[in-house]
Amino acid sequence: MTADYGYQDPRPARITFDEWDDLFQRIPDELIEKFHYFPPNNEPWSKYLFPPQTFAIYGARHLRRLKFDNSLAALRLWGFINNESERLFRARQMGKKVIAVMGDLGPLAVIVNSFPDCVAFYPDCWWWTPFAMESKVLLDAAAQLGIGEATCFSRAALGAFAKHSYFPDPDLIICATGASCDDYSGVESLVAKMFGKVIWVETPLRICGETAQLTQLLTEEYRRVITALEQLTGTKMTETLLLNGIERSNRVRQLTHRLRSLAYENCTLPALETMMIEFGCLHYYSDITEWTAILEHLLATAEYRLKGNLPILKPDSLRLAWLTPPADPLLLPYVEELGARVVATEYVINQALTIIDTDADDPLGAIARSMLAGSLNGTSRERADLLIAQAEMRKAEGVIVSAILGGSHCALESKLIATHIKQRLKIPLLEFDVAPPKGEIDRQTITRIEAFMELVRSKRCQKS
Amino acid sequence: MALITREEVEVLRAERIEELKRLKGEGKKVVGYFCQYVPVELIFAAGAIPVRLARGDYFSSVRGERFLRPDACPFCKSCLGKFETDPLYRLTDALVFVNTCDMMRRLPEAVSANIKIPIFQLYLPRTAEPFPNRVQGFERQIMLLKAWLTGLTGAEVKEERVLTAITQYNSLRQAISQIDEGRALVPPRVKGSEIFGLALLAWLLEPQKASRVLLRHSSTPTSTSNYSAPRVLLAGSILTEEERDLIELIEEGADIVADVVCTGARFFAGSVELQGNPFTSLAHFYFNRIPCAYRRPNDLLYDKLKQLILERAVQGIIYKTLLYCDPWRFEAKFLRQNLGLPVLEIDGDYSQTNREQLRTRIEAFVEMLK
């Protein structure tokens, strides 16, 4: 839809880089001028909706190989995501405090964003950069610092810190550890050694029960974070500020829930865009206000498609559930090319999707509880059960478990999870490691995915 | 004359296994644990028998691949394999895990999926700064362990018994520490391999018996090398009992005068405070142990390394890590750059096929130190 902007989206379709470039020419200039980061700022330098070529020239070479949703809202999403580095440097120029939040995947950003003029960003999310840029520069930089190839691609974040050119050196670095993986804990440790001082936050596991006690422990950790931010910014954190921050985060989470549901149940958005939406809950791509506006735009688009029966993927496509986010963005569009659609996911970031209780007496405690409810803090079996519940609800016909060779948690839990899912769902399951970036999916993985799809298709045929 | 030989250790192990069988027959529970952060005093005070499961070899690791991916930690894979083959592992009635690294965090899930045995997973904060909320949180975990042990053994874990256990284990740790001081001398009076052997006895035998064995052996006069042997420090991932081969290989040309290995000096370092609430004392002691590399920050580990390097006139570091052991592998570069000593990095999966290449590398390293 997007009538609000005086622009009619073409019929929903997944388009190529070149088609996006053509489409961009048809978007009125006045409309492009409307979108600015860090609103209400509307300075000319803060535009972010550009032809895809702009981002490809800046390094996002994988854009040439992906397929995209052709709605204005989705193009806005891509422009915003690809503009994050610039936005962070600009935040520094604008006098905002740039805070790196690492390792907890969700709640720390809620706290940081509750402070006026603080921008939280997740270096963790730079794990996509080697794939987006089709370059091993960041991985090589990490290797030079001691984290080599037998490690999760999240090591790219260490390379990004070392290069000093992907985001400004943060005013404060907050590193959560405990529930996060060893790979990322190692990245954090070396970042801490590089910068001299970080705030360490213990994020306990749920394993031993006693939620009240764990909540108390985590709340104290968050209090230390708040003290550090107060010292940095000179702003005293109040309950009102914190509740306001929670409400803004909850708004993002509510929108994300609705969008996931529309995408996975009603085929209104492709899987890659939906994954990027879900990951936006971690850090709002460093600008919560504009990110919320983009989500609202996406939601309006998805609801228009639902109402008009205009799915972007064929509703009768093969229904897949996906566990662990694929580091290579080529993979999700590829399965869609083969006639599948994703209907359920477990990306280990649902602590960033949990709605935080705003009626609680203690807002920090409420944030802590939302963290402790996440799949990051629990067992592999709980992760598997989360996916199973969604897969059953949406009648998934196959499951893909993607992992990272050398990723410390993948090595132990992938097999446990895969075994449990196979026993419970009794549908085909494909487990594979995402290969290092090289601009295309490696042939072996392609063969395995294609064979898996054949199997899923034949199972459907047998049933019918 | 050696302080304690490998053969003597094996005899004591065999005797202990027979003893454990007998005690199990009498209704005692054998509680296995894997990590130096487990408060053994509690297990002992509960009337159970604590036994550290610190064995690992290539064959059991391969066997473990039936349950885990090949790129999982060799020690974790080996643990699973050992439950099928190792008499000590098969004697355990229950297991206590600590969520140290990612692999050890999830190993209990793999064990419970494949081996039906009661499990307790102790949550130790990964952050090492001893803020009150963290230490208190860990103390609460210790109380949960206490309750679980009572459920297992039927015996209440009383304060007096915990104090007795603390006293006995303190004595044991102090006894090994005193012997370990012999490694600081020039030339060292004790070999690194002997210290690893004594540590092994400390977690295998009943504490008073282990102390008696130590006392007997500590009176044995030893002299291990001449002045010219380079003095090295051993650091890195867990060294299993079977890896004494590697230690002995190093000692063919060098003296291991210090280590920061969890099955070596870190296992017997320090004492639990006897004053005050024993559960609080245990929480403080185990929380504040010389940190494993996985803890954040791990500055205290580096402080300890620097202290040992100075005190024991260390000339070089042998850094032995396990394949896919991220917490230790990640430190290798920083350690090399910051300790100012030559470092030999060895990464392995218990395979013996590269033994002669390893020998060459170690010999070359030792030559370089001379």
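**Entry 1: one salt bridge**

I began with A:Glu210 and B:Arg140, whose side chains meet in a salt bridge at 2.8 Å, N to O. For a salt bridge I required a side-chain nitrogen of Lys or Arg within 4 Å of a carboxyl oxygen of Asp or Glu. I then looked up the count between chain B and chain A, and found 7 salt bridges.

I noted how to read this model. It is predicted, so local features need pLDDT of at least 70 and side-chain atom pairs pLDDT 80 or more, while totals for chains, interfaces and linings use all residues. Residues are numbered from 1 along each chain as its sequence is written, chains are lettered from A in the order in which they are written, and side-chain values use heavy atoms, without hydrogens and water.

**Entry 2: the interface**

I looked up who takes part in the contact (heavy atoms within 4.5 Å). Chain B gives 42 residues and chain A gives 53 residues. The buried area is about 3900 Å², and carbon and sulfur atoms give 55% of it. Buried area here is the accessible area (1.4 Å probe) that two parts lose on being put together, summed over both. Of the area that chain B buries against chain A, B:Arg69, B:Tyr123 and B:Phe330 supply 20%, more than any other three residues.

Next I checked polar contacts. The rule wants a pair of N or O atoms within 3.5 Å; within protein, one must be able to donate a hydrogen and the other to accept it, and residues adjacent in sequence count only if both atoms are side-chain atoms. Across the interface of chain B and chain A, 26 residue pairs pass, with both residues at pLDDT 80 or more.

Which elements of chain B give two or more residues to the side that touches chain A? I found helices H6 (102-114), H7 (132-153), H15 (326-329) and H16 (332-339). H6(B) has the largest share, 7 residues. Helices are DSSP runs of H or I with at least four residues, strands are runs of E with at least two, and both are numbered from the N terminus.

**Entry 3: B:Asn133**

I picked a residue in helix H7 of chain B, B:Asn133. Is B:Asn133 buried or exposed? It is buried, because its relative accessible area is 11%, and buried means under 20%, exposed over 50% and partly exposed in between (1.4 Å probe, protein chains only). Its side chain reaches the backbone oxygen of A:Leu217 at 2.9 Å. A polar contact of 2.9 Å also joins the side chains of B:Asn133 and A:Glu221.

**Entry 4: a strand in chain B**

I turned to strand S1 (residues 30-33) of chain B. B:Val30 and B:Gly32 point one way, B:Val31 and B:Tyr33 the other way, and all are buried. In a regular strand the side chains alternate between the two faces of the sheet. S1(B) runs parallel to strand S2 (residues 49-52) of chain B, joined by 4 bridges. B:Gly32 stands opposite B:Val51 in S2(B).

I looked for cis peptide bonds. One runs from A:Pro39 to A:Pro40, with omega near 10 degrees. Another joins B:Val186 and B:Pro187, with omega about -5 degrees.

I also looked up A:Asn309, a residue other than glycine with a positive phi, near 50 degrees. A:Asn309 sits in the loop between helix H14 (288-307) and strand S7 (318-323) of chain A. A:Asn309 is exposed, at 60% relative accessible area.

Notes
Pairing = 2+ DSSP bridges.
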